[in-house]
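Biologist: Could we go through this structure together, beginning with how its elements are assigned?
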Amino acid sequence: MTLGELAVTIGLLCVLGLVARRFGLSAIPAYLLAGLLLGPNEPKVLSLIQPSEVTDFVADLGIVFLLFFLGLEFSLTRLTRTGRHVGLGGTVDLVFNFALGLIVGVAAFGFTFAGLVLAGCVYVSSSAIAVKGLIDFRRLGDDETDLVLAILVFEDLVIAFMLGFAAAGGGAPSETLVLVAKALGFITVGLAASRWLSRPIDRLLDRLPLEFFLLAVFGFLVSAAAIADQLGLSEAIGALMAGIVLSETSVREQIEDRFFGFRDIFAALFFFTFGLSIDIGAIPEVGWLVALAVVLTLVGKLGGGLIAGAAGGFTRRQSFNAGVALVAHGEFTIILAQLASENPLVGAGESRDLVAFAGLYVLATATIGLVLMKESKRLGRVFFPTPRLIEER
Amino acid sequence: MPVDLRETRLPGVGVKYTFRTAIGGRLAVILHIDGQREIYFYRRADDDEPSAVIDLHDDEARQLGAIIGGAYERPQIVEDLELALGELHIEWIPVPDTSPAIGLTLADARLRARTGVTVIAILREPEPVSGAQPEDMIEQGDTLVGVGKGGQFVEFRRLLASGPFGDEAA
């Protein structure tokens, strides 16, 4: 990738991102679309950028920053204080949607590892898109927003464990057990470190001049990612752990302030790079899968929302709003598919289909999800009219 | 009187406070992590669309909070306003111009030891003293903000008006 190509890339990201924003949509599908357009696959007229070591490296940094920020928001004290809906709502959502995802996965790849990853892709909603929608559509004051955010927290927890699995799972059962144990161990060490190391890290970072503060945090983040990668756990888990360790320190806000920009730029380039490898040529094979997955997602997220809402004491309209907010899929679906496609145990054909599926599926659900979310209150009044004691007129 | 205030954490967004108003509406206040505030007002508690949403920056929200909380102009409007906190009261007591306590520090005046009322703040131009310390001096024109039990303020006002303080008191 040359500087000129990078300039064109960034320009297109800006334009498509702004267009998406104009229509009240998320930037994530816009970035994917930009990659799809400029990538080596159809349409070939615009093919300008080839996936290379450079784009792969930039994409790695994108994953690292996305997971680092997830970790920063993850701290133990916050998790224990997020309230009553997390366990119940999160479990209903998991059981329902992972099961439906498994139907799609098995239909696509049979009872294989790739099928399992695909189920994960269908299960996990997009926190980024849901939160953006809740803010833009003025839903933060609504009671059901608590339920949506609680379910998202639960999904984040599940995903933390699935990341390592997607990157290196798929071997014999014994190897998978070892992997799960390693992932559990790594995250436990992270949580313990965030408890005991936060004071010394605080004191150290507090004393550093700004320039070295940035370098120290960045160095810590990259080392954690590299170590996890060497342990066969994927850089994603390492970055997540680095975030968790720093989440209990007093410099957390400062870190978030200073690294927001890095995250946004590298995340945009990550989605773009992922878009590069989406092959529309695979549509005949995966098109019906995407359609099936979208339908099952609507069933699963709306149905799950209604059940979780009823259990949590919400009205049907409120539960409907909550379910709709979870339809959009985004960053985690893409990250899971990306990690699995790099997994040597996933075949080239499966990997191609998985990437195409994830890309198209996110394009579809992110758009449908936000449009539905915008209209959900109107739809709710139509589907669940207020019961009247005496029929009017 | 007690408002049924509910606090919920919004992971990744901030904190939300909600309560129902006496006339049947519902208010939700959101403190964003970045300091932005939002106030949602639902005319009826079970409305699904808010009737109004107000966006405020950090400094605007603080200003509004101070006005609503009554920290502004309060003593000039109502001389003897009191706020019942269960058994405890907060009262605003203007220092009489002839008070023998003028020129003494709070510690020297031994107001708490002698009446049971604790002075928590001193309102004066141009800067009020929030969190009054024992070494803060009582000046002419001050209004003392005291916390104590209802009956203790009678003695507090008498003492403030006519003393005696210092050596004479012994």
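Modeller: Helices (H or I, at least four residues) and strands (E, at least two) are DSSP runs, numbered from the N terminus. This is a predicted model, in which local features need pLDDT of at least 70 and side-chain atom pairs count only at pLDDT 80 or more, while totals for chains, interfaces and linings use all residues. Residues are numbered from 1 along each chain as its sequence is written, and chains are lettered from A and ligands numbered from 1 in the order in which they are written.

Biologist: Which helix holds L339(A)?
Modeller: L339(A) belongs to helix α16 of chain A, which covers residues 331-342.

Biologist: Is L339(A) buried or exposed?
Modeller: L339(A) is buried, because 24 other C-beta atoms lie within 10 Å. A residue counts as buried if 20 or more other C-beta atoms lie within 10 Å of its own, as exposed if 12 or fewer do, and as partly exposed in between, with C-beta atoms placed from the backbone.

Biologist: And what does L339(A) touch?
Modeller: Leaving out residues up to four places away in sequence, L339(A) touches L163(A), A166(A), A167(A), S234(A) and A236(A). Two residues are in contact if their C-beta atoms, placed from the backbone, lie within 7 Å. A236(A) is 103 residues away from L339(A) along the chain, and their C-alpha atoms are separated by 8.7 Å.

Biologist: Staying with chain A, how many residues of α3(A) are buried?
Modeller: The count is 15 of the 20 residues, so α3(A) is largely enclosed by the rest of the structure. This helix covers residues 53-72 and reaches 29 Å from its first C-alpha to its last, close to the 28 Å expected at 1.5 Å a residue. The expected span is 1.5 Å times one less than the number of residues in the helix.

Biologist: Now the interface: how many residues of chain A are in contact with chain B?
Modeller: There are 17 residues of chain A in contact with 15 residues of chain B. On the chain A side, two or more residues come from each of α7 (127-136), α8 (144-168) and α17 (348-383). The most come from α8(A), with 4 residues.

Biologist: Moving to chain B, what is its make-up?
Modeller: Chain B has 5 helices and 10 strands. Of its 170 residues, 21% are buried.

Biologist: What is the strand order in the open sheet of 5 strands?
Modeller: The order is β1-β2-β3-β4-β5 in chain B, with antiparallel pairing. Two strands pair if DSSP finds at least two bridges between them. At the edges stand β1 and β5 (52-56), each with a single partner strand, so one side of each has no neighbour in the sheet.

Biologist: How many bridges join the strands, say β1(B) and β2(B)?
Modeller: Strands β1 (residues 6-10) and β2 (residues 14-20) of chain B pair over 5 bridges, and T8(B) has K16(B) as its bridge partner. In their hairpin, with 3 residues between the strands, G12(B) takes a positive phi near 80°.

Biologist: And which residues stand opposite each other further along?
Modeller: β2(B) pairs with β3 (residues 26-32) of chain B over 7 bridges, where R20(B) stands opposite R26(B). Next, 6 bridges join β3(B) to β4 (residues 37-42) of chain B, and L27(B) stands opposite F41(B).
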